[in-house]
Each structure stands twice: as C-alpha cells, then as structure tokens.
Amino acid sequence: MPLHAQKNLLPAVRASVNPARAVVGVGKNPLPVAERLVGQPAAGYAPAQPVNQATGVPADISRMHHAVPLQKPLSGEARSQEVSSVYQRFKKFLARSFKTKSIVKESRQTKVAAAVEAEVAEQLNNRLEKEVLRSFNAVLNLWGKEIGFEADMSILKAVLCPSKSASEIALKTNQLCLFFIPKLADKVNWLRNLPAEGRQQLFSLYAPNSLEYLSARLAQENLIFIGEIHHIDSVQDSITKLIVALKKRQPNRKIVLFSEFINLPARENRSPRDLATYYRRITQADLAPITEAEGYKIDYAPFLFFEMLYNNIEVCPLEDSAQLKMFDEASQSDENISVFTTVERNKTWARVIEAKMAQVRKTDPDALFVVYAGMGHTSWIMPYSLPKFFARENPAVVEVTKEKLSSFTSLRLVWGENDVFYVPFPNYQLHHWRGENARLLGRQTGFDYALVVP
C-alpha cells in the first residue's frame with residue numbers, strides 16, 4: 001500500500017475526522033530541486049541531558065518501543081572513530097604477523113578477525129543506542145523550551161515525534177526534529193506578535209457555496225497543493241468536486257494532477273541499494289500519465305481518479321515503491337512515517353513534479369498543476385514540505401478537512417485548540433488569508449486556504 005505519509009497517524013485524529021529570523025522560502029530564489037540538501041543538525045548542537053520524570057513530560061509523546069540490537073556494523077553517523085581505530089590496529093597486527101611468518105595461521109586470523117568484527121558491531125550498536133536516547137531527550141527538552149508542554153501537542157505527536165529505536169533512521173529523525181523545532185517556534189512567535197495574533201487578516205465564509213467560491217479563486221493559480229487527512233470519503237468527494245470545478249471554469253486549459261497514491265513505474269533492481277546512496281533519476285517513463293486501464297486498478301479514492309480521467313485531466317504518479325521498500329526494511333515499528341522518511345519521499349516527488357512541469361510547459365505554458373497528497377507533505381509548516389521546493393512558483397496550499405480545521409497549523413499553538421475557530425460546523429466553511437501579507441501568513445501558519453466539509 002502506498003499510503004505511508006499519514007496512514008498511521010494518531011488513532012484519535014483518524015477517529016475524529018477520518019521577525020527574529022528570516023521566513024523560509026520567502027523572497028528567495030531556491031536552488032534547483034536536485035541540488036538541495038536536507039536535514040543537517042544545527043551547528044554547535046549539543047544534546048541535552050535526559051529528561052527528569054518530574055518535569056511532567058507527557059508519557060505518550062514518543063514511540064516507546066525498543067529495537068532488537070543490530071547484528072552488523074553500522075555505517076555513517078553512528079560509526080565511532082575510536083572503535084574503528086581498534087579494528088584497524090588489530091588488522092595491522094595480523095598483517096605484520098603474517099609477513100613475519102608468525103605462528104598465527106590464516107584460519108586463526110579469520111576466526112579472531114570475525115570475533116573483533118562482532119565486538120566492533122556491538123560497541124557501535126551500544127553507541128548508537130546512547131546517541132538515539134540522548135537526541136530523543138534533547139527533542140523533548142527543546143520542545144518544552146521553545147514551544148512549551150502546555151501548548152497543543154498534536155504537531156509534536158504526529159509530525160516532530162522523536163524515536164528511541166536503535167536505528168539510523170531514528171537518529172536522523174531526532175536530528176531533523178532538533179533542526180525544525182526552533183523554526184516552528186519562530187513562526188509561532190511571529191504570529192503572536194501580530195496585532196490580534198493575525199485574526200484580522202483571516203477571511204471566513206460559512207456557506208454551502210464555499211467550494212464554488214474557492215474554485216473561482218484558485219482558477220487564477222498555476223500550482224496548487226491540496227492536502228488531506230487520509231481515508232475520509234467526504235474529504236475525497238469535495239476534492240474531486242473542486243478539481244472538476246477548476247476544469248469546468250477553464251475547459252481549454254490543460255490540468256495535470258500529481259498524486260501520492262499511485263506508484264511510479266517499477267524498475268529492475270540492477271545493483272544493491274541502501275538509503276545512504278539511493279537516488280532515483282527521473283526518466284521519461286516516470287513522467288507518463290496513467291492510462292484509463294491503470295486508473296481502474298487504483299485502490300485509494302478510486303472515484304476521484306475516475307472523475308479526473310473522465311474529465312480529461314492528466315494523472316501522474318509520485319510514489320517510488322523501491323524507496324518505500326527500503327524504508328520498510330531499514331526502519332522499525334512506525335518509523336517509515338517519520339520526519340526523515342517523509343522528507344526523503346518529498347525530494348523524489350519534487351524531482352518528478354519539476355521535470356513534468358518543464359515538459360508540459362513546452363506545449364502548454366499556461367497549464368495548471370495540482371498536487372494531491374497528505375498534509376504531512378503539503379502544509380507550509382511541515383519540514384521540507386513540497387511547496388517549499390517550489391517557492392518561486394508562488395503556489396497555493398489548500399487543506400481539506402472534515403468538520404473542523406486540522407492541527408497541521410501554527411494557529412493551534414497560538415490561538416489554542418479550544419478556540420472558537422476550532423468548533424465543529426455542520427456545513428461548508430472556507431478560510432483564507434487576505435491583505436498584502438496574505439501569502440506570508442500562509443507560509444507562517446501552514447495554509448493559504450482551508451476548506452472544511454461537513
């Protein structure tokens with residue numbers, strides 16, 4: 001199943017809906033997608049001490065499982081110079097012994113070397129466990145310092161969730177959380193410092209024609225990101241109506257829909273691959289839209305894709321099944337939906353979208369591109385979300401939820417989860433930012449438009 005982005009979000013979420021620093025992506029001309037780097041820990045980072053239980057840190061924030069110790073030496077960040085040097089010194093000793101025709105025979109060398117390999121692997125694993133635990137505690141300490149545990153915890157639990165597993169994915173995830181929490185805090189403080197905390201700049205429409213109003217505004221865009229929380233029929237139906245309405249408003253305009261829920265063409269695995277070296281080069285085959293026959297085989301939101309094809313809207317896949325397989329093999333428990341794996345998937349998707357847009361614009365320069373995925377990929381405040389890769393396109397980010405707005409926004413951290421803004425409403429409602437700083441407000445809060453369906 002290609003629903004890795006948010007398929008395992010908190011059960012409660014599924015049940016209910018189912019200027020201190022520069023602003024990221026604003027006023028900049030980012031590098032081409034293929035040249036961007038992702039997820040280095042902040043310079044000078046020194047992990048905090050373990051959290052004292054008396055601090056009141058909620059017990060359900062993290063994935064509290066412990067992994068089986070790894071059985072082979074690890075590569076990358078976890079490798080310790082001093083442990084490696086022990087092994088290297090021993091290898092030199094064996095080489096000298098062999099050259100001087102020492103009594104140490106080849107078979108004995110092999111056995112002793114294997115024993116040293118095992119000892120090195122154990123020491124590396126122990127060191128990795130300590131590093132993961134240290135970074136895990138550092139994430140919680142940093143959240144408490146920058147955001148505060150009295151704030152709404154949804155983003156911490158569902159997005160910036162640290163892990164305790166003894167794996168490199170867990171360590172990378174924790175390092176990314178440490179990198180992004182201060183950036184989220186900047187957005188929160190920026191919003192708090194606005195007059196009335198930005199409420200005066202938010203336009204709200206509570207009416208059955210909210211969807212038609214939204215389609216009229218989006219018709220002037222060139223790139224739209226539509227984010228959802230998965231497996232909600234009314235949300236999928238409304239997204240279908242919205243895209244079809246865009247087509248009807250501009251019947252002669254080419255529309256291309258990119259989707260998380262469809263796999264890119266499979267490729268022959270010609271050589272061993274791992275997460276450290278994997279990179280999918282985008283080919284012409286990856287840019288081909290799906291056929292009508294392929295559309296019938298889609299399991300997720302099948303009616304949505306049927307309507308797209310029926311209305312002559314091109315549908316292009318984004319998901320790399322080979323990459324997902326590597327995540328599943330290298331991760332433990334639910335780490336395959338961690339910040340690290342989401343960021344890595346976004347990088348692949350961004351290359352597909354960039355290449356397809358360039359191809360289509362050669363013949364249809366005014367084409368409209370729509371990206372359909374989970375909010376973990378589309379919200380402006382998510383780590384390395386897809387819209388940030390295309391900031392110079394000035395895209396519009398739309399979130400579609402059921403009954404009330406999502407937690408994928410800094411508004412909940414400022415206004416509070418019990419604010420009247422989050423009270424469920426039995427009809428359609430639409431919210432968007434207005435004024436000269438409308439786009440900036442979207443980037444700082446997570447969405448440009450928020451459509452709530454009954």
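Cys316 first: in this predicted model, Cys316 has a relative accessibility of 1%, so it counts as buried. Cys161 is buried as well, with a relative accessible area of 4%.

How many does a search of the whole structure find? The count is zero. For Cys161, the nearest cysteine sulfur belongs to Cys177 and is 7.4 Å away. A disulfide requires the two sulfur atoms to be within 2.5 Å, so Cys161 is in no disulfide.

Some totals for the chain. There are 454 residues, and 52% of them count as buried. The secondary structure comes to 15 helices and eight strands.

Next, Asp448. You will find Asp448 in the loop between α15, residues 438-445, and β8, residues 449-453. Is Asp448 buried or exposed? The relative accessible area is 4%, so Asp448 is buried.

Moving on to Arg249. Arg249 lies in helix α7, which covers residues 233-249. With a relative accessible area of 44%, Arg249 is partly exposed. Which residues is Arg249 in contact with, leaving aside neighbours within four places in sequence? They are Glu212, Ser215, Ala216 and Ala219. In the case of Glu212, a polar atom of the Arg249 side chain lies 3.2 Å from the backbone oxygen. As for Ala216, its C-alpha atom is separated from that of Arg249 by 7.8 Å, and the two residues are 33 residues apart along the chain.

Last item, the surface. Tyr296, Phe303, Phe306 and Tyr310 make a nonpolar surface patch of about 510 Å². Where is Tyr296 placed? Tyr296 is in the loop between α8, residues 292-295, and α9, residues 302-310. Its relative accessible area is 54%, and the cut-off for exposed is over 50%, so Tyr296 counts as exposed.

Conventions: Residues numbered from 1 in each chain as written. Predicted model: local features only at pLDDT ≥ 70, side-chain atom pairs only at ≥ 80, totals over all residues. Heavy atoms only, no water. Patch = residues over 30% accessible without salt bridge, like charges linked within 9 Å, V, L, I, M, F, W, Y side chains within 5 Å. Areas by Shrake-Rupley, 256 points an atom, 1.4 Å probe, with all protein chains shown as cover. Salt bridge = Lys/Arg side-chain N within 4 Å of Asp/Glu carboxyl O. Helix = DSSP H or I, 4+ residues; strand = E, 2+ residues; numbered from the N terminus. Buried < 20%, exposed > 50% of the residue type's maximum accessible area, 1.4 Å probe, protein only. Contact = heavy atoms within 4.5 Å. Polar contact = N/O pair within 3.5 Å; in protein donor to acceptor, adjacent residues only side chain to side chain.
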